[in-house]
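User: I've got this one open on my screen and want to know what the labels rest on. Can you walk me through it?

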Amino acid sequence: MATLDIRDLHVEVDTEDGPKEILRGVDLTVKSGETHAIMGPNGSGKSTLAYSIAGHPKYKVTGGSVTLDGTDVLGMTVDQRARAGLFLAMQYPVEIPGVSVANFLRAAKTAVDGESPKLRTWIKDVNDALEGLKLDKQFAQRSVNDGFSGGEKKRHEIVQLDLLNPKFAVLDETDSGLDIDALRIVADGVNKFTSQGDRGLLLITHYTRILRYIKPDFVHVFVAGRVADEGGPELAEQLEAEGYDKYVRAATV
Ligand code: ADP
Ligand code: MG
Ligand code: MG
């Protein structure tokens, strides 16, 4: 049983007009076995939260804490976070020319485990993961993110999730740019991950659509840099019907 704990997190970014506070005291606790959906309007700071947990250098933590089983995460390097069992899909958003998917996955697995995976089982594991996401074997020979479609990027994220098998995953807009078939395939991959029972998931999304396929235990409404409301899965249905309006209005008065 593990706990990812975010306490009164404040984060700012540098803008042309000077530092701007984006996260204004976020409180959130995710335990193993739980799926939490974070929902909110565009610009509310959802990705900033994901980047902050990932340790992106652009996002400066000015207050609060993020801990994994009581251990400070914010003081860890990006690699240390991965080794501690955190998976942050947006960790490698860039194109990596000349690095094949196969080599990238192997390097990531080696970094997380502290030793190279055994070659024979590894090749089978990679092929199984690709097959699970309905990706052709040839996909492994392509350069990472080079010319990937939106859907291929998202599937590649879930292939990583499957192979690295972290304690906690943070998935940001995993549903964006997916057609309905791809959405199902990606959701199946995410459900395979959480069905292991002792895994925690923070699923960040603007739309309720993906929540038809991935059932959250808890829903948090994120507005203006903090959690404005929380509840069970029924809250997602309420948001679907009513939108974010009332929260946005309450946050701006
Ligand atoms: P969301 O993911 O909920 O749409 P973001 O976290 O991407 O929201 O952005 C929240 C706010 O922070 C927005 O107003 C955005 O313009 C601002 N912001 C985020 N990252 C940066 C950055 N690197 N530089 C300047 N402003 C940023
Ligand atoms: Mg505060
Ligand atoms: Mg975002």
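User: What makes β3 and β11 a pair?
Analyst: Two strands count as paired if DSSP finds at least two bridges between them. β3 and strand β11 (residues 218-223) have four bridges, in the parallel sense, so they pass that test. In this pairing Met39 stands opposite Val221 in β11. Strands here are DSSP runs of E with at least two residues, helices are runs of H or I with at least four, and both are numbered from the N terminus. A word on the source: this is a predicted model, where local features need pLDDT of at least 70 and side-chain atom pairs count only at pLDDT 80 or more, while totals for chains, interfaces and linings use all residues. Residues are numbered from 1 along each chain as its sequence is written, and chains are lettered from A and ligands numbered from 1 in the order in which they are written.

User: Which other strand pairs with β3?
Analyst: That's strand β10 (residues 200-205), parallel again, over five bridges. Met39 turns up here too, opposite Thr205 in β10.

User: How do you know that β3 is mostly covered?
Analyst: A residue is buried if 20 or more other C-beta atoms, placed from the backbone, lie within 10 Å of its own; 12 or fewer makes it exposed, and in between it's partly exposed. In β3 (residues 35-39), five of five residues are buried. Thr35, Ala37 and Met39 point one way, His36 and Ile38 the other. In a regular strand the side chains alternate between the two faces of the sheet.

User: Why are β6 and β12 called edge strands?
Analyst: The open sheet runs β6-β9-β10-β3-β11-β12, with mixed pairing. β6 (86-88) and β12 (226-231) each pair on one side only. Neighbouring strands are turned by 20 degrees against each other on average, direction ignored. As for β12, its pairing with β11 is antiparallel, over five bridges, and Phe222 has Val227 in β12 as its bridge partner. α1 packs on this sheet, touching β3, β6, β9 (168-172), β10 and β11, and makes about 145 degrees with β9. Touching means C-beta atoms, placed from the backbone, within 7 Å; angles run from 0 to 180 degrees between N-to-C directions, with axes fitted to C-alpha atoms, for helices over the stretch in contact.

User: What leaves one side of β2 and β5 without a neighbour?
Analyst: The order of that open sheet is β2-β1-β4-β5, with antiparallel pairing. β2 (18-31) and β5 (71-72) are at its edges with a single partner strand each, so one side of each has no neighbour in the sheet. Inside it, β1 and β4 (residues 60-68) share seven bridges, and Glu12 is partnered with Lys60 in β4. α1 lies across β1, β2 and β4, at about 75 degrees to β2.

User: What makes a residue part of the shell around ligand 1?
Analyst: Its C-beta atom, placed from the backbone, has to lie within 6 Å of the molecule. Among the residues that qualify are Val13, Thr15, Lys46, Ser47 and Lys58. Two or more come from each of β1 (3-15) and α1 (46-54), and α1 gives the largest share, three residues.

Note on methods:
Two residues are in contact if their C-beta atoms, placed from the backbone, lie within 7 Å.
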